[in-house]
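Work through the exercises below with the sequence and the 3D view open. Try each task before reading its solution.

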Amino acid sequence: MRNVIVIFTKEMKSYFASPIAYLLLTIFAVIFGFFFYSATRFFVLQGMQMQMMGRGMPMDVNEYVIRPLLTNASVIGLFLIPMITMRLYAEEQRSGTIELLMTSPVRDLEIVLGKWLAALVLYAAILGISGINMGLLFAFGRPDWKPILVGYLGLMLQGGCLLAIGIFISTMTRNQIVAGGATFAVCLMLWVLDWVSAYDQSAWAKVISYLSVVTHFEPFAKGVIDSKDVIFYLSMIFFGLFLTSRSVESLRWRS
Amino acid sequence: MIKVEGLTKRYARTLAVDDISFEVEKGQIVGFLGPNGAGKTTTMRVLTCFLPPTAGSAQIAGFDVLEQPLEVKKRIGYLPETPPLYPDMEVGEYLSFVGRLKGLSSADVPKRVNEVCDRCAISDVRMKLIGKLSKGYRQRVGLAQAILHNPDVLVLDEPTSGLDPKQIIETRELIRSLAGDHTIILSTHILSEVEHSCERVIIINQGKLVAQDTVTNLTNRLRGSEQVALEILCVNGALNHAEVRQRLEQVVGVSHVVLKDTKDNRCSFEVESLQGRSIRAELARAVVGAGWDLNELRPVGLSLEDIFLQLTAAEKGEPVEKKEEVKA
Ligand SMILES: Nc1ncnc2c1ncn2[C@@H]1O[C@H](COP(=O)(O)OP(=O)(O)OP(=O)(O)O)[C@@H](O)[C@H]1O
Ligand SMILES: [Mg+2]
């Protein structure tokens, strides 16, 4: 555990010592800010129209603003995650510092966990920016906070799972750009797998759509925690980290 | 302390290390000598648990590198060929990180970091980013990193590469001062380095062990006879070198004389003795007796350079001879 913290601290510092963390925070703030602006504007316009037409039915902020925003956040995450994970192992291999890590009295799994946790915390910090936007909603309205928390839980689970996959891919190359590109391709694949179910109802399509990370995020966005989805994410995280530590081990045999 | 038996390491196609065995006693400094591509780095990577051996075994302080890698790693300080540095960290920050990674308690870390900064003369760059250091300073930080947790065994891959002459001398002294409580194995292709800082030398070439012995033994074993360089001066009148040569050849114990250089009234020779004879005193007497002045007389030791070339040339020579036999 102590070693995990040592690695975690080092990774955290190096995220914030380089421009990467600030760049990611800015990208997210700008894009999410844009989505937030359009979502709230749309909501306000709709509300006004409804009133003019004489229907006093109040619209649900959770359903019309927060839910699409959470889904948007998960999609933006898809694009940012490769940038968070791509350097984690690729850079250590390129610069030779992997020799330091792998000849220190630390288990491979501890290094993997430390790196994954650092990536997860950076991802949480990035999502934290959207918290400011969400806070504004509370200032002007009375949204239900429980579905929001559930939504963020879902975002973190989805993020944790994609980050684990990203780290795994980063162990397989010494080139950051290759690692980032491949991670992005895989994230995109996992995302669009869901579309198969739109035109195909066969068993195969169900399996494929089950693997899509988006399918499992939708209930969270609605504020529903389904143990099936939690288990899916947790097992993907576990599996990803396990693969990573095996891959790190095999670096010794491959090099 | 270090025990290597039948160590073999094969990369996909190349056989980098081929059946090497050696032992290093506690407190010794051993030089690992070989030309480029000999397999030095590969052997060191196996010793430090970075690479698993293909066959054979390696033990550090009684722990096998395959079976108890964590115990081995606790006892080893390793300076890889390229110092493992993070360019976006400050020197002090980097050393603290390595200290904690190596298992030092947080109370010990600052103390040890101060100590190694003093020893490796990097105190003045502690606040600098590693990425902005010169090559020599990076090498020093790499060395500081290796000795940080005061390990029993130090594995140093070309510790003086990229250093200036003054720093090379200081590093050699540092390494020598570490011997005693540390067992050190260092690789190099600079032979004078081994002569200066090592007690024993292990020579490998193309993955095979060529020789291992103490530096003095190795020199003696290959030398056998004594070689002496002479410079003779004649103050009045020109010197006939043929005459001098004849005179030298008459000295008892001399096997042959080689004229090196002549200039006006001085000439220099290299004289080789017969096996196991000492000829310096006799030579001096002969020269002075003939009325010449002896400007210089010094024994020429066979340098490690020569030994190295002899040994590696012999290795290369063997297969060629065998081929010729087959043809015949
Ligand atoms: N990762 C690798 N993959 C394949 N072959 C390798 C690898 N590393 C080294 N080799 C090969 O193994 C042999 C020994 O290399 P090694 O690096 O151990 O030599 P060295 O003695 O350290 O040389 P130098 O003095 O140049 O540092 C070389 O033929 C080299 O090409
Ligand atoms: Mg080498």
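This is a predicted model: local features need pLDDT of at least 70, side-chain atom pairs count only at pLDDT 80 or more; totals for chains, interfaces and linings use all residues.

**Exercise 1.** Describe the extent of the interface between chain B and chain A.

Solution. Start with the residues in contact: 27 of chain B meet 24 of chain A. Next take the area. The two chains bury about 2600 Å² between them, and 62% of this lies on carbon and sulfur atoms. Then ask which three residues of chain B supply more of its buried area than any other three. They are B:F50, B:K73 and B:L101, with 26% of the area that chain B buries against chain A.

**Exercise 2.** Find the salt bridge across the interface and count the polar contacts.

Solution. The rule finds one salt bridge between chain B and chain A. Its partners are the side chains of B:R45 and A:E99, at 3.2 Å from N to O. The pair qualifies because the limit for such a nitrogen and oxygen is 4 Å. For polar contacts, the count between the chains is nine residue pairs, both residues at pLDDT 80 or more.

**Exercise 3.** Say which helices of chain B supply at least two residues each to the side that touches chain A, and sort the residues of that side by type.

Solution. The helices α2 (69-74) and α3 (91-101) of chain B each supply at least two residues. The largest contribution is that of α3(B), with six residues. Sorted by type, this side of chain B holds 17 nonpolar, three polar and seven charged residues.

**Exercise 4.** Trace the six-stranded sheet of chain B from edge to edge.

Solution. The order of the strands is β6-β7-β8-β3-β9-β10, in an open sheet with mixed pairing. At the edges are β6 (76-79) and β10 (208-214) of chain B, each of which pairs on one side only. Neighbouring strands are turned by 15° against each other on average, with direction ignored. Now look at one pair: β9 (residues 200-205) and β10 of chain B are antiparallel and share six bridges. Within this pair, B:I202 has B:Q212 of β10(B) as its bridge partner.

Key:
Residues are numbered from 1 along each chain as its sequence is written. Chains are lettered from A and ligands numbered from 1 in the order in which they are written. Side-chain values use heavy atoms; hydrogens and water are left out. Contact means heavy atoms within 4.5 Å. Buried area is the accessible area (1.4 Å probe) that two parts lose on being put together, summed over both. A polar contact is a pair of N or O atoms within 3.5 Å; within protein, one must be able to donate a hydrogen and the other to accept it, and residues adjacent in sequence count only if both atoms are side-chain atoms. Helices (H or I, at least four residues) and strands (E, at least two) are DSSP runs, numbered from the N terminus. Ala, Val, Leu, Ile, Met, Phe, Trp, Tyr, Cys and Pro count as nonpolar, Asp, Glu, Lys and Arg as charged, and the others, Gly among them, as polar. Two strands pair if DSSP finds at least two bridges between them. Axes are lines fitted to C-alpha atoms, for helices over the stretch in contact, and angles run from 0 to 180 degrees between N-to-C directions.
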